[in-house]
Amino acid sequence: MSILSRNDICWCGSGKKYKKCHMEQDIFISNIEQKVGYKIPRDIMKTEEQIDGIRKSCKLTHEILDMVGERIKVGVTTNEINTWVHEYTVEHNAYPAPLGYGGFPKSVCTSINDVICHGIPDDTVLKDGDIVNVDVTCILDGYYGDANRMFIMGEASKEAIDLVRVSKECLDLGIQQVKPYNTLGDIGNAIQQHAESLGYSVVYDYGGHGVGLEFHEEPFVPHIGKKGEGTILLPNMTFTIEPMINIGSPEADVLEDDWTAVTIDGSLSSQWEHTIRVTETGYEILT
Ligand code: MF3
Ligand code: CO
Ligand code: CO
């Protein structure tokens, strides 16, 4: 229901007529609200213009991770990775979102072995057998793209290699649940089932998130859950899925630096992340 008529100025501040702006989307959402029986926040679905911007930012994020993948090897420091990411990002007219975010001191997160996420680059040297997550977020023309990948240094143990593979499978299975009218619970459930059936645990203190106009938007995207529960997925929602999978306990501890999250038992942790758009029929991986 809207109190605006077709020729009124849209509520969103664009200055356009309602019928040329948000009218169609409002009708679409209110039909869904009638079906599900609760209010859906109006800003959860991006406009086509916003999607275009987010897609470009995500493409750059993907390229930055490709660049890191070409250079990362035993012997480099996480500070060097930080420099590569920072310079490549600004050379492409973008800004590294982590830098200064809530006081985060660097331009990328680098999380090694038992670090779950939010590792701060420093003079640590990557060594043979390490598993390393590099998490890149860039801001291009005001739009955010967020993704991370694992990199295996030299010869790693079978348990490390298996963990990295299974955590990627968890991301892929989560993504396959993305389509209109599925819920966030369907995504979390698929991830949790796969990880736990193989004896791994799923970190619940951190999750994915809406992304695009801000770094971290609503909704929180849990990587555990029950089918059919949680927020409903609608076309042009954009959010990350970024499961963190542990060999031992799922519990996290934050170090004195207030950022670095580690497993409480020192067991290995692995994570993969994409930014996803809900399409009319399924998903688009933007990163
Ligand atoms: N990129 C991380 C995520 O996927 C967030 C990092 S926040 C930072 O949500 F401040 F540590 F960079
Ligand atoms: Co994220
Ligand atoms: Co990220």
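With which side chain does the side chain of N246 make a polar contact? In this predicted model, in which local features need pLDDT of at least 70, side-chain atom pairs count only at pLDDT 80 or more, and totals for chains, interfaces and linings use all residues, the partner is the side chain of S269, at 2.7 Å. Residues are numbered from 1 along each chain as its sequence is written, chains are lettered from A and ligands numbered from 1 in the order in which they are written, and side-chain values use heavy atoms, with hydrogens and water left out.

A polar contact is here a pair of N or O atoms within 3.5 Å; within protein, one must be able to donate a hydrogen and the other to accept it, and residues adjacent in sequence count only if both atoms are side-chain atoms. A polar atom of the N246 side chain also lies 2.8 Å from the backbone oxygen of S249. N246 belongs to strand β10, where strands (E, at least two residues) and helices (H or I, at least four) are DSSP runs numbered from the N terminus. With a relative accessibility of 0%, N246 counts as buried, a term that means under 20% relative accessible area, as against exposed at over 50% and partly exposed in between, with a 1.4 Å probe and protein chains only.

UniProt, in an unreviewed entry, places the feature "domain: Peptidase M24" at residues 53-280; UniProt positions are given in the numbering used here, feature names are shortened, and annotations may be inferred rather than shown by experiment. Over residues 53-280 the chain is 29% helix and 26% strand, with the end C-alpha atoms 19 Å apart.

Two cobalt ions, ligand 2 and ligand 3, lie 3.2 Å apart and are bridged by D146. Donors are N, O and S atoms within 2.8 Å of the metal (3.2 Å for Na, K and Ca), and because water is not among the atoms, sites may look incomplete. The cobalt ion (ligand 2) is coordinated at 2.0 to 2.2 Å by D146 (OD), H209 (NE2), E242 (OE) and E273 (OE), and these donors follow the spacing D-x62-H-x32-E-x30-E along the chain.

The six donor atoms around the cobalt ion (ligand 2) subtend angles of 51 to 161 degrees, which makes the arrangement irregular. Under the criteria applied, four donors count as tetrahedral if all angles lie between 85 and 135 degrees, four count as square planar and six as octahedral if opposite donors are over 155 degrees apart and all others between 65 and 115, and anything else is irregular. D135 lies in strand β4 and D146 in strand β5, 11 residues apart, and both residues are buried.

Strand β4 (residues 131-140) is largely enclosed by the rest of the structure, since 10 of its 10 residues are buried. Both of its faces are covered, with I131, N133, D135, T137 and I139 buried on one side and V132, V134, V136, C138 and L140 on the other. Two strands are taken to pair if DSSP finds at least two bridges between them. On this basis, β4 pairs in the antiparallel sense with β5 (residues 143-152) over 10 bridges, and I139 stands opposite Y144 in β5. The two strands form a hairpin with two residues between them, and D141 in the turn has a positive phi of about 50 degrees. Strand β2 (residues 109-112) runs antiparallel to β4 and is joined to it by four bridges, with T110 opposite V134, whereas β1 (residues 95-96) pairs with β4 in the antiparallel sense over two bridges, P96 standing opposite C138.

A three-stranded open sheet has the order β3-β12-β11, with antiparallel pairing. Its edges are formed by β3 (115-117) and β11 (252-254), each with a single partner strand, so one side of each is left without a neighbour in the sheet. Strands β3 and β12 (residues 261-263) pair over two bridges, and V115 has V262 as its bridge partner in β12.
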